[in-house]
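This report describes selected side-chain arrangements in one protein chain. Please keep the sequence and the three-dimensional view at hand while reading.

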Amino acid sequence: MINWKKIIENEKKKKYFIKMKYFLKKEYKYKKIYPQKKNIFEAFKITKFKNIKVVIIGQDPYCNKNQSHGLAFSLLPNIKKITSSLINIYKEIKNEYPKFKIPKNGYLLNWAKQGILLLNSILTVENKKILSHKNIGWEIFTDNIIRYINKYNNNNIVFLLWGKFAQKKKRLINKNKNLILTSSHPSKFSFKKGFWNCNHFKKTNIFLIKNKRKPILW
């Protein structure tokens, strides 16, 4: 049976990953890189391959100290200041589910445990430098992750692609068996350009129920 351990071990043998590994070794030694090494693959540790219901694709990790921990959009529970993107995600859930209570933190562990793969396109970043690890190899890795899901996971999965960066993955997804939902990014700059009133959270659960899967408790 295929699982994340086999998939990641297979990727680590490839030339692009070996090259990236040496690059990251130097980066972690001489610079402040997020998340911590032990948390780079956190999304795969929590959301098992066979349990995936939803894939949310982000850009790269938060680039400020003590924010990122390996789950896209998620913040460590002790961080009091929630990012604007996550606040806007909460606002949209509240818009769709009026009884939803907006959390006091940005910790999305419960989402991951329910089968939501919170996957950034790029898995590491330098302190205060957005997209500093663009084109070092992570995009190849996460493209391949989507390919594995598409090929070996027989479940009907919802892919939430918010913003142009995430939408680059659309070409890799089988739209005949999965649901692909796209909108603008939930950031403060593009929140009202398509993300607001997108109804992605309701549409996700409608699709899951239709396919006899347990809906997400947002």
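Predicted model: local features only at pLDDT ≥ 70, side-chain atom pairs only at ≥ 80, totals over all residues.

## Aromatic rings and their surroundings

Phe17 and Trp138 are both buried. Phe17 and Trp138 form an edge-to-face pair, because their ring centres are 6.0 Å apart and their planes stand at 90 degrees; an angle over 60 degrees counts as edge-to-face. Phe17 belongs to helix α2 (residues 15–30) and Trp138 to helix α6 (residues 138–152), so this pair ties together parts that are 121 residues apart in sequence.

A second pair is made by Phe191 and Phe195, and this pair is tilted. Phe191 is buried, as is Phe195. The table sets out the geometry of the two pairs.

| Pair | Distance between centres | Angle between planes | Arrangement |
|---|---|---|---|
| Phe17 and Trp138 | 6.0 Å | 90 degrees | edge-to-face |
| Phe191 and Phe195 | 6.0 Å | 45 degrees | tilted |

Ring pairs also join residues into a cluster, whose members are Trp4, Tyr16, Phe17, Phe41, Phe44, Phe49, Trp138 and Phe141.

Aromatic rings may also have a lysine over the face. Lys168 is placed over the face of Phe165, 4.7 Å from the ring centre. Lys202 is placed over the face of Tyr97, with 5.9 Å to the ring centre.

## A threonine in a loop

Thr47 lies in the loop between α3 (42–46) and β2 (54–58). Is Thr47 buried or exposed? Thr47 has a relative accessibility of 1% and therefore counts as buried, since the limit for this class is under 20%. A polar atom of the Thr47 side chain is 2.8 Å from the backbone oxygen of Ala112. Leaving aside residues up to four places away in sequence, Thr47 touches Trp4, Ile52, Ala112, Gly115, Ile116 and Leu117. Among these contacts of Thr47, Trp4 is also a member of the aromatic cluster.

## Helix α4 and what covers it

Helix α4 comprises 13 residues, numbered 84–96. From the first C-alpha to the last, helix α4 reaches 18 Å, which is close to the 18 Å expected at 1.5 Å a residue. Which residues of α4 are buried? They are Ser85, Leu86, Asn88, Ile89, Tyr90, Glu92, Ile93 and Glu96. An α-helix has 3.6 residues a turn, so residues three or four places apart point the same way. The elements that cover the buried residues of α4 include α5 (109–113), β5 (158–162) and α8 (200–210).

Definitions and conventions
Residues numbered from 1 in each chain as written. Heavy atoms only, no water. Phe/Tyr/Trp six-rings, centres within 6.5 Å; stacked < 30°, edge-to-face > 60°. Helix = DSSP H or I, 4+ residues; strand = E, 2+ residues; numbered from the N terminus. Buried < 20%, exposed > 50% of the residue type's maximum accessible area, 1.4 Å probe, protein only. Lys NZ or Arg CZ within 6 Å of the ring centre and 35° of its normal. Polar contact = N/O pair within 3.5 Å; in protein donor to acceptor, adjacent residues only side chain to side chain. Contact = heavy atoms within 4.5 Å. Expected span 1.5 Å × (residues − 1).
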